[in-house]
Amino acid sequence: MDKKISKKDIGKLLSQWRQQFTVFVPSRESGIATMAEWDGKDTSPMDWYRNTIVPAKANFFPPAEPMFSFQKDKEGYHLELPVSDGHKQLIFGIRPCDARALAILDTTFKDAYEDPYYLSKRNNTLLIGLGCTNPYDSCFCTSLGISPGESKDVDLMLTDIGDHFLIAVITEAGEELIAKTSRLEEATKADETRASEVKETSYSKVTRRIDTENIDEKLLSGFDNQDFWEKVAAKCLSCGICTLLCPTCFCFDINDEMVKKQGTRFRCWDSCAFPIYTQMPMENPREEKWRRVRQRVCHKFEFQPMNFDIIGCVGCGRCIRLCPVNWDITRILDSLPAKV
Ligand code: SF4
Ligand code: SF4
């Protein structure tokens with residue numbers, strides 16, 4: 001049987017978990033909704049929070065991250081790797097789309113090369129999902145096989161059933177956490193029925209759809225249709241917002257910052273929307289904007305299915321909501337031309 005907790009006790013629940021974990025909750029930082037470390041007091045984000053602007057990928061793959069520091073002397077370079085304190089994290093309130101996005105990122109960061117920076121955080125984190133009850137009209141997660149109210153990509157899944165959250169155990173780690181948590185009540189049959197109704201209602205609120213049937217083949221056949229891609233790319237400003245804030249985008253650049261004889265090598269988010277992203281000494285294969293826009297769409301809907309058998313989009317709708325010129329990926333996918 002599922003558990004439940006009264007909403008007025010959510011601060012007490014987070015306080016218990018804070019004794020074992022660094023707890024992250026939806027918060028506002030400089031006016032931007034993000035998953036930030038809980039201050040031990042404020043639980044008000046639960047009242048306004050639909051989804052964060054910055055996805056939870058930033059907790060595993062930060063916008064800028066030191067990789068190592070170095071010093072140079074007569075003998076050469078000496079490197080110092082960052083030391084993890086091994087402290088476990090808990091992310092509370094992650095939405096199903098963003099939890100699935102982490103599973104998609106895993107396919108890249110756990111591929112032939114295992115990324116120690118991402119994986120050290122990922123393997124040390126519990127995810128507590130919270131179902132959406134008020135999806136944005138830009139959301140289209142249901143077209144990608146995601147339900148806004150349910151997730152198997154988290155350890156515990158919470159559903160808002162009025163005065164309480166119903167808590168469903170998803171993984172063994174979630175079960176262990178529940179066993180060590182006090183103040184939980186047993187959910188009743190009526191609570192579970194209410195939770196099912198809430199999930200059905202939120203599913204029906206996602207009305208934006210895309211047709212993913214054979215989408216990789218459609219993109220492949222239209223790959224060389226320059227007229228089409230020039231038209232769809234016309235209004236894009238190449239600002240990169242749609243990629244930086246996409247929960248499944250993972251491109252990064254590596255730089256050294258050095259002062260005198262010591263410095264830091266760090267990586268930071270990069271974007272295939274930027275004109276210099278593919279700049280090489282002799283040429284830039286994606287100098288024209290239409291090629292970069294094509295790359296973004298094809299990477300998610302053609303190349304990732306080809307390489308990992310998974311579509312690289314979770315339908316979170318951020319790239320639609322946050323684009324300064326309302327560039328809409330769902331319209332582009334709907335208007336793909338017939339075979340060229
Ligand atoms: S957010 Fe909009 S304008 Fe900016 S790169 Fe993406 S599609 Fe282009
Ligand atoms: S492409 Fe857009 S809708 Fe899809 S996961 Fe990225 S930001 Fe979300």
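A residue is called buried when its relative accessible area is under 20%, exposed when over 50%, and partly exposed in between, with a 1.4 Å probe and protein chains only. By that rule F109 and Y118 are buried. The model is predicted, so local features need pLDDT of at least 70 and side-chain atom pairs count only at pLDDT 80 or more, while totals for chains, interfaces and linings use all residues. Residues are numbered from 1 along each chain as its sequence is written, chains are lettered from A and ligands numbered from 1 in the order in which they are written, and side-chain values use heavy atoms, with hydrogens and water left out.

**Overall fold**

- The protein chain has 12 helices and 12 strands; these are DSSP runs, helices being H or I of at least four residues and strands E of at least two, numbered from the N terminus.
- The C-alpha trace spans about 65 × 65 × 35 Å along the principal axes of the protein chain.
- Of the 340 residues in the protein chain, 49% are buried.
- Among contacts with a separation of 6 or more, 72% join residues 24 or more positions apart; contact means heavy atoms within 4.5 Å.

**Surface and charge**

- The protein chain has an accessible surface of about 17,400 Å², and carbon and sulfur atoms hold 50% of it. Accessible areas come from the Shrake-Rupley method with a 1.4 Å probe, and for residues only the protein chains shown count as cover.
- There are 45 positive and 50 negative side chains in the protein chain, and the centres of the two sets are 4 Å apart.
- In this count Lys and Arg are positive and Asp and Glu negative, with His and the chain ends not counted. The place of a charge is NZ of Lys, CZ of Arg, CG of Asp or CD of Glu.

**Aromatic pairs**

- Rings of Phe, Tyr and Trp (its six-membered ring) pair if their centres lie within 6.5 Å; planes under 30 degrees apart count as stacked, over 60 as edge-to-face and the rest as tilted. The count comes to 11 aromatic pairs.
- F60 and Y118 form a tilted pair, because their ring centres are 6.2 Å apart and their planes stand at 50 degrees. This pair links distant parts of the chain, with F60 in the loop between α2 (45-48) and β4 (64-73) and Y118 in helix α4 (residues 116-122), 58 residues apart. F60 and Y118 are both buried.
- F109 and Y118 form a stacked pair, since their ring centres are 4.4 Å apart and their planes are at 25 degrees.
- One aromatic cluster is made up of F60, F61, F109, Y118, F250, F252 and W269.

- N214 has a positive phi, near 55 degrees, although the residue is not glycine. N214 sits in the loop between α6 (189-205) and α7 (215-221) and is partly exposed at 41% relative accessibility.
- K260, likewise not a glycine, has a positive phi near 55 degrees. Its place is the loop between β11 (252-259) and β12 (262-269), and at 78% relative accessibility K260 is exposed.

- S147 lies in the loop between β7 (125-130) and β8 (156-160) and is buried at 12% relative accessibility. Apart from neighbours within four places in sequence, S147 contacts P96 and Y203.
- P247, in the loop between α9 (241-244) and β11, is buried with a relative accessible area of 2%. Not counting residues up to four places away in sequence, P247 touches P55, K57, D98, A101, L105, V314, C316 and R318. P247 and G312 are 65 residues apart in sequence, and their C-alpha atoms are 9.5 Å apart.
- A173 belongs to helix α5 (residues 172-179) and is partly exposed at 31% relative accessibility. Leaving aside neighbours within four places in sequence, A173 is in contact with L126 and D155. A173 and V154 are 19 residues apart along the chain, and 9.8 Å separates their C-alpha atoms.
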